[in-house]
Amino acid sequence: MTEKEIKNQRIIIKNVKDNRIIADTKVIRYDSAVNSVYISAHSISDKKFYQVSVVIFAENCLYNFSGSMRGVIRENEMEVFLGKCETKEDRQAVRYSLVFEGSIEGVYIDTAKVRFHKPISVETIDMSSSGILLRAGAGFFQIGEKYSLLLKIKEDLLKMQCEIVRIQSDGTLTEEYGCRIEEVQWDRRKGMDEKPVMVYEGTYLDILADAYISDEDRRKAVEKHAGYGRLNQDIGSFFRNPNKESWLSKEKMEPLGREIAEKLIELDPITIFECMSFSRPMNEELQRHSLNVALLNGMQAEWMNMSPNRVEMFILAGLLHDAGKTMIPEELLNAPRSLTGDEMEVVRMHPIYSDRLLKDKFDDEIRSAARHHHEKLNGAGYPDGIMGDAIGLCARVTAISDIYDAMVSARSYKSSKLPLHILHMFYEEEFEGLDRGLVMNFIKNMRLKYTGKQVVMSDGGRGVIRYIPFNDAEHPIIQQGTRIGQTNAEWFCKAMLVDI
């Protein structure tokens with residue numbers, strides 16, 4: 001063994017008496033004359049004599065020693081006598097079982113550590129020469145992100161800084177995350193009310209910042225720039241046409257579906273989300289909702305790496321999912337109040353009407369999405385009360401899109417919800433009977449789209465969303481100048497600035 005192959009490499013030191021790790025640090029230097037290594041004295045809290053076992057992760061192999069520590073500090077260094085080398089193994093082949101419960105306590109933004117309000121629960125699987133392997137929810141972390149990990153081992157706490165370097169999915173709701181460990185510390189012990197809104201930056205920032213410009217004029221300006229307004233008008237001309245036979249056909253609707261698919265490529269998703277968040281004229285509620293669900297369906301299909309033809313099919317399903325509402329009296333659809341029980345039963349007929357209108361004109365998958373997007377995996381939905389695998393994939397995707405758009409929209413009897421708050425509601429399973437795997441994939445991709453966007457904070461300053469905790473999306477981590485922190489009741493996002 002030479003100094004070159006172990007200098008600055010990881011070393012783990014355990015007390016032989018109780019098998020407790022007393023140091024997990026780096027080798028400063030190696031003295032071949034007496035077969036000892038030096039480590040930082042700061043890496044050990046209780047500096048005394050120990051009989052120890054030592055694991056050194058060299059460049060190409062892993063060494064195990066039986067040795068001792070004397071607890072003597074010289075120039076802020078402690079000497080570890082390595083003694084006999086028990087084993088020398090190819091480090092790429094060695095994995096040590098290490099099963100503990102732990103939590104991700106915070107995230108590193110540049111060099112600043114930001115603690116989470118709600119730690120993210122994780123479970124360790126094993127330790128390899130390159131770090132530690134964790135199990136957590138699918139989509140919780142991304143490669144390159146750095147976190148503060150806390151493990152409770154008996155009565156001690158192990159704190160470490162780790163970087164996600166590998167992600168492996170087994171197709172379930174959890175994933176395995178390979179982490180490179182950078183800093184380790186042992187602690188030996190026993191034992192936000194105002195609703196923000198979204199605004200635009202760039203060409204239209206001066207319009208949106210002008211208090212004398214009406215909300216309606218703002219909406220029209222942004223929608224015109226994004227092309228959303230024209231799509232909405234095209235859909236409205238179909239939905240308002242009393243001759244449904246003339247427009248409910250593939251020849252009429254498929255070109256519109258392709259145009260929506262092109263918008264998904266052309267526009268930043270946040271621009272699309274912003275158009276969804278505007279207040280909607282009552283007489284345009286159905287056509288706007290249909291367009292929004294089509295856009296969200298297309299996004300979800302792309303996130304699942306579907307072919308262009310499948311993406312367009314999911315878009316078309318979203319566009320037509322509520323076609324049956326054209327058979328429902330407008331005074332019920334546009335009622336400025338909550339509906340009575342009898343009125344709700346009438347409205348709940350719309351999936352059946354949609355199925356009838358689409359019959360013999362569109363693919364079975366599109367018809368199924370229209371009929372079954374209100375069904376629940378637990379059988380508690382309508383109109384047929386089916387459950388589990390009887391609900392098709394397109395219907396499950398459409399159910400998520402339908403709920404998201406319904407929650408982000410404002411009605412006279414219901415206030416709108418912020419996008420990040422809705423993601424938190426999805427995570428907390430406040431909407432029963434949804435496909436959990438699809439929901440988690442939706443949250444994963446939505447939080448990636450919002451990360452890096454500019455915001456206006458409650459104190460009037462601007463900031464940037466640096467991180468959105470998977471399990472607490474309504475409290476993102478914001479960088480505002482040199483300040484980096486997680487939002488709370490006193491310091492929160494008041495508006496989002498979207499580049500267009």
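Visitor: In this predicted model, which residue stands opposite Gln 479 in β19?

Guide: Strand β18 covers residues 477–480, and it pairs with strand β19, residues 483–486, in the antiparallel sense over four bridges. Within β19, the residue that stands opposite Gln 479 is Ile 484.

Visitor: Which residue takes a positive phi in the hairpin of β18 and β19?

Guide: The hairpin of β18 and β19 has two residues between the strands. With a phi near 65°, the residue that takes a positive value there is Gly 481.

Visitor: How many residues are in the largest nonpolar core?

Guide: Phe 141, Tyr 404 and Phe 426 are the members of this core that touch the most other members. A second, separate core of 23 residues includes Tyr 30, Ile 44, Ile 56 and Phe 65. For the largest nonpolar core, the number of residues is 99.

Visitor: Is Glu 163 buried or exposed?

Guide: Glu 163 is found in strand β13, residues 156–169, and, leaving aside neighbours within four places in sequence, its contacts include Lys 146, Arg 180 and Glu 182. Because its relative accessible area is 16%, and the cut-off for this class is under 20%, Glu 163 counts as buried.

Visitor: How many residues apart in sequence are the parts that Asp 355 and Arg 367 tie together?

Guide: The side chains of Asp 355 and Arg 367 meet in a salt bridge, at 2.8 Å from N to O. Asp 355 lies in helix α12, residues 350–358, and Arg 367 in helix α13, residues 364–372, so the parts tied together are apart in sequence by 12 residues.

Visitor: What is the separation of Asp 364 and Arg 367 in terms of helical turns?

Guide: Asp 364 forms a salt bridge with Arg 367, the closest N and O atoms being 3.8 Å apart, and both belong to a network of salt bridges that also links Asp 355, Arg 371 and Asp 384. Asp 364 counts as exposed at 59% relative accessibility, whereas Arg 367 is buried at 18%. Because they are three residues apart in helix α13, their separation is about one helical turn.

Notes:
Residues numbered from 1 in each chain as written. Predicted model: local features only at pLDDT ≥ 70, side-chain atom pairs only at ≥ 80, totals over all residues. Heavy atoms only, no water. Core = buried A, V, L, I, M, F, W, Y, C linked by side-chain atoms within 4.5 Å. Buried < 20%, exposed > 50% of the residue type's maximum accessible area, 1.4 Å probe, protein only. Pairing = 2+ DSSP bridges. Contact = heavy atoms within 4.5 Å. Salt bridge = Lys/Arg side-chain N within 4 Å of Asp/Glu carboxyl O.
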